Amino acid sequence: MRAGAWLSILVASSVCAFALDPSLDISQYAHTAWKIREGFTKGTIFSIAQTPDGYLWLGTEFGLVRFDGVQDIPWRPPDGEQLPSNWIHALLVAHDGTLWIATEKGLASWKDGKLTGYPEVAGSVVTSLLQDAEGTLWFGVRDPGRLCAVRVAKTQCYGAGSFGWSVPALYEDHKGNLWASAQTGLWRWAPGPPEHYRLPGGPVEARALIQGDNGALLMATGRSGPHAGPVIGLIDGLKQLVGGKIRRYALPGITGQFKPTRLFRSSDGSLWVGTAGGLLHLHQGTIDRFSVTDGLSGNFIRDIFEDREGNVWVSTEAGLDRFREFAASTVSENQGLSTSAAYLVEATPDGSIWTITADGLNRLQNGHVIVYGKRSVPGQNRETDERELIIKPRTTEIANSGLQGTVYALGQDDEGRLWAGGSEGVFYFDRGRFALVPGVPGGNILAIAGDGSGKVWISNLDYGLVHSTPEGAVQRIPWAEFGHKDAAVALLPDRLQGGLWLGFLNGGIAYLKNGQIRSSYNVANGLGVGSVNDLQLGSDGAVWAATEGGLSRVKDGVVTTLTSRNGLPCDAVNSVIEDNDHSFWLYMACGLVRIAHSELDGWVSDSKRSIQTTVFYSSDGVRSRALAGGHSRLVAKSPDGKIWFSPPDGVSVTDPRHLPFNNLPPPVFVRQITADGKKYDPSPGSRLPPLARDVWIDYTALSFVAPEKVRFRFKLEGQDPDWKEVVNERQAQYSNLPPRKYRFRVTACNNSGVWNQEGAFLDFTIAPAYYQTYGFRALCAAVVLALVWLLLRLRIRQVHQQEQGFREAIETIPAMAFTARPDGSRTFVNRRWLEYTGLSTEQAAGSGWGAAVHPDDLSRVLEKWRISLATGEPLNYEARFRGADGEYRWFHVRAVPLRDDDGKTLKWYGVATDIEDRKRAEEAARRSESELRDLIESVPAMVFIALQGPSNAFASRRWREYTGLSAEETQGLGWQGVVHPEDLERHMEKWRACSVTGEHYEDETRFRRAADGEYRWFLVRAVPLRDETGHVLKWYGVLTDIEERKQAEQALQRSEAYLLEAQRLSHIGSFIYNPATQKTPYWSEELFRIFGFEPQQDGQAPAEASQIIHPEDFDRTSTECREAFRDKAEFTQDFRLVLHDGTLKHLHVIWHPILDKEGELVEYVGTAADVTERKRAEEERERLHQLEADLAHMNRVTMLGELASSLAHEINQPIAAAITSANACLRWLARNPPDLERARAAATRIERDGGRAAEIIQRLRTFCKTGTPPQRELVDINEVVGEILVLLRDEASEHSISLRTELAPQLPQIMADRVQLQQVLMNLMLNGIEAMSDGGGELTIRSQRSEHGYLLISVSDTGEGLPGEKADLIFNAFYTTKPQGTGMGLAISRSIIEAHGGRLWATTNTQRGATFHFTVPAEVHQ
Amino acid sequence: MSTGEAATVFIIDDDAGMRESIQDLVESVGLHAESFANAQEFLSSERSRGPSCLVLDVRLPGISGLDLQQELRRAGVRIPIIFITGHADIPMTVKAMKSGAVEFLTKPFRDQDLLDVIQRALDRDSVAHEKQRQLAELKERYAALSAREREVMGLVVSGMLNKQIAAELGASETTIKIHRGHVMQKMQAKSLPELVRMADKLKVSH
């Protein structure tokens, strides 16, 4: 439990967003090795670090190396400076980004281009580095061993003399303790005074430290001293610090000695142990190994490191290794598959994955593999046949499971049972065995599929299509009937339409229903060419066919095919499946392909469209198959949504919802620039010589997951018109660049396509040659300018001509148009204007046009003009203009300004439109509305008129008086203020709805009365007024006060609800019955529920109510009713109901007669209570009583069984002693002279031992007594303790447990059942022994007087203790922590003690273990 | 029993009756016996240096019989052990025998069987004692050699001639001859092969 908490803290605290999947073995990760022998670096890599710029630094025996995932580049310090030594022992990147370098001859640090030395330790070997939580840098120094810290001013060293020769490892644990390992042992150095822990077992030192899963400090130990080589000796191994002592730390499943060198915890929580013989990987309770035989670069692990992207790096004596997660992981022989060569995959609903290998059917379940072998011969002894053989730690083989022959196809029936068909027939899997389906021929079975109607279809190459149930074949159709020579390799039952789709080996699909072929499609219809390998039903009902020539879709008789022309990476589709997010997964000859739901939808709507796909290749862990090979089940989806597929070398799985995604954009760097073979530093403003012919620019991006997938975009500004994109090419080349300044830009994306948005750039200049000067260019520019000026002149002339044309058009249009200056004075009026007003052009010019405006309107018009001229806003007004005939007509005038680029008005353009007719119509309408309003005002009702739904135009006086609102306040939405806040939203919503539909408005709403502030309910009704086109013009509405009605309604509703709730809570229904009419005018809702009927509106008893009375109770119930009705008596009855679903209910019914004044029966009022629960509880109590008694006896018998063998030993002991004594006695007598004294002593012992044996048997006999009723007698508790001790002594010594008693003398006797007390004591003592059975201990039995005349007996062990939060559970029946326990012992013990008037409880000891106590009342002495 | 020290039979059994009867049986054939109720008592007792053997019950409170056997092995105490037990299973027997137990007897056993095994164990222990004694004597002699003499002895037993030893150690051949004589004398070796055998026992090599 603690270990679990620890791990979760560790995992949660890791900030890295990437991590490996901890459930996988190392061999399931993607692995890449770089070997020194093949040219990678120069020597052994002792340490790995990553600086914030993203570079990986490798510390080797020949200096520092920087690595970008592709190239290893030796690092050189700045000119004139050097590292203390090129032999690097350790590297560390501090929180501030400083790289600390521990070397053979001192310490150095590197930050911001500056190398710093530490003269205090110059010349000494620095072996270890650590930065503590406070930021202090610590390091260990050798010969003599010292622990040093880098402080602000100077470097201080401690502990010379107490550390011996060296300090090889430093570690800070999660509590902030600083640990230093030294030749003299382990030191806890800070905080507080140093503490020393000795390492047992000779000259040993810890090479690496880490906190284990349980929080204890783990250490990798090896021989210490100056010449400690990689010798594997007894002193090597993992050790841990527990309780102040250092002990061996055993790894489960690892036997023998091994030499650990490094300890590392990756961010997924796994512990990696580097050893002299490869890697160990501890994850989720299991251990796996990885060494040179698995492809590791070397066996001696030097360092382990995890980078920012979650890659784990391991350096060995021979190279460097990288581990990362695949998008798809593969289960192979390493993980328990019987052989790695497997084909087909099927997922059953129980979560099992099935695949076929050469030696049988493999079933993967919870990380374990069960092999149903085929090697067995039928008819052998079943018992031995079925024996499970554990053949590998993760594999179990079932020798004879009933499966025979070679399996060729897998499928499932409707119940999710697996069917397997092959050479010897077709079998189905049921309860752990395979059963042969009779009458179904074996042979070359191609496909099996359940069709949803309980039957299964089987495709047999030679025999045809067979329709079968587990009981046998029901139908056979030869292939010839399909018009095919070949057979169907894919079967797809269409569960929507009830038919079966068949996909044929040589191409073509057919649809079979009711024994007839309804439709068939082939290449001519648009189907993909070649074999149809798989069929799937899409969620939209379309059928998808995986063919050699693409993915075909069949829907409503139309076939379309997706091929490489539409964006598939290739054409041959082996299998297709849809995942839980409706994306499609295609297992293809060129990889595993994912097509997103949206992409596929896009293609379905337009089959000419190209789609985007995601392809998983071998670098993602996917191995593909070139051909489906006549198998239709190469992919499957397990219930958890994972996609399984069957590559040639195992079974692979990918989780569509957890595809590894690298969202860390890679840092980009321009490394160097080379011109004509000479290298230049990429410093800003690099200057290259003139006439450089070839320029090479080296750049890189730091993403280590898959450097080969890193894509780059680069562009030389001024030279390249567009970005160029390359994959993993890290150099750009340019030839014959003209002299000038350049900027080279480059950016990159990682393996998941995440781009570095900023990228990197490099500015450089190529110097010009003498003839590449600016003079020449200036001359060219002058010529160009002259040409441009000429062109401009031509253009101006053209514009003038165009304006003339426009003016003519305006003059002739049939509207009054004008233009004005920015000050409003007219510059132009068109011909229409002049014709209407009868004015001349001169009269209208300037402000003369005002003469045509009606004198009443003139001032308003001029004001409008003034405002518009000032603000520049478009002008808009209506005014009367005088015509040439002297009549005024209404005109609508609009004018807009023309502005220049700065927003200054250049000119106004305007038009005047005749609106005289409209004006007249408006005037008429206004007059009639005014009359209507006067009428409404005088009506004594609340009336309103609304314009657009809720926007009010008018409210009558009565309404204004009620609300206290003024006429203005009721306008628009002003009335909302008097609506009850709870009603407002609904009220408005209804208005919105009615405004749209034009339906009559009706709503009940509360409005506030102004007089007293009270809200009253109103019924609001409104009807729309429409114009002839049906368009709503306005709404007329009336409000009616319905407050009184509302209140009455609510009161009734409440009381009904209370009654309903009360009936529901008490399971009591009520009814009224009229015997005269035999009608039930009332049946409560609860009564319907009790009878199991749907409540009905009319509240009358359902006709079939009496039919569900239990047949045995029916006659009695009827008779009771008849008699009572006759006597008009009150009565009750109990009977049972059998509901339609078979439920049995017990009812208790009370009938109460209602009589009128004359004493005549009117009707019966009754209640019916559902008493089923109560009845059941009574029965249950009875049953438990019996069970308890049975179990008490069973428990005693079980204990005896457990004791039998040790009792045999217990009796054997005195007998053996007696025999030995008898022999000794004989020897004493045979002496010459006989030693009679010794002989007599021996004889006395024989008698004593004989008596002992008899005593044990006597005790046992009393304990075994069964069936005797409890008998209370006066019992001495110490005596009972003694009896049980005799029985258990041997059991205790078998587990190395000593028994101790602390019995108070002269205790009063108790009145108890002796046998039951024995049982309790034996139970408690056996429990204690059980708790200590692993490591021995001491069991103490105490007896003493307690308060209030009780005796207290306690049994203490020094075992595991109580199970924490489960301490209360241990007394519950059937709770047990023992594998073989019945879980009854403590429950029975407690009930025995409580029957004796005492109490039984348990406590946890302060030191170790638990104590069980019980009290019993003491009998008062006479 | 060439050392003259009396042989002792140690008995550990938590059952008093069993313990007493075995002690009585052993004493009835004239052997000295000491008995203990548990392993701790035995470990904390003063034990004589003469040949001895241990009759050990497998089931004991505290440290079990098999644990005691391991404990003694770790501590380098090489006392022959005879296990007795009420009921033995095969793995237990195999474990005990693998760890060097002399015999595994099941209670009740024939008295003669136990006495025979005890005799065999004591014989074996006295031989071991003798070897131990001889080795101790050899070690005493070897301790008397000077550092230079030890060097010479190492080279002599590796088969080098005096001349070669002289070159190796940078001394004259005469000096080597004298050292060699002292070595033979102090080690009481009559011949070179005997010296080689001694070096072998002492694990001296070069």
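The model is predicted.

Chain A contains 18 helices and 89 strands. Of its 1422 residues, 47% count as buried. The accessible surface of chain A is about 71100 Å². Carbon and sulfur atoms account for 52% of that surface. Contacts were also sorted by separation along the sequence. Among those between residues at least 6 apart, 51% join residues at least 24 apart.

Helix α3 of chain A spans residues 597-605. Its buried residues are A:Glu599, A:Leu600, A:Gly602 and A:Trp603. Viewed down the axis of α3(A), these buried residues fall within an arc of 155°, so they line one face of the helix. An α-helix has 3.6 residues a turn, so residues three or four places apart point the same way.

A hairpin is formed by strands β68 and β69 of chain A. Strand β68 covers residues 816-820, and strand β69 covers residues 826-829. The two strands run antiparallel and are joined by 3 bridges. Across the pair, A:Thr819 stands opposite A:Phe828 of β69(A). Between the strands lie 5 residues. In this hairpin, A:Gly824 adopts a positive phi near 100°.

How values were computed
Residues numbered from 1 in each chain as written. Chains lettered and ligands numbered in written order. Predicted model: local features only at pLDDT ≥ 70, side-chain atom pairs only at ≥ 80, totals over all residues. Heavy atoms only, no water. Buried < 20%, exposed > 50% of the residue type's maximum accessible area, 1.4 Å probe, protein only. Helix = DSSP H or I, 4+ residues; strand = E, 2+ residues; numbered from the N terminus. Arc of directions from axis to C-beta. Contact = heavy atoms within 4.5 Å. Areas by Shrake-Rupley, 256 points an atom, 1.4 Å probe, with all protein chains shown as cover. Pairing = 2+ DSSP bridges.
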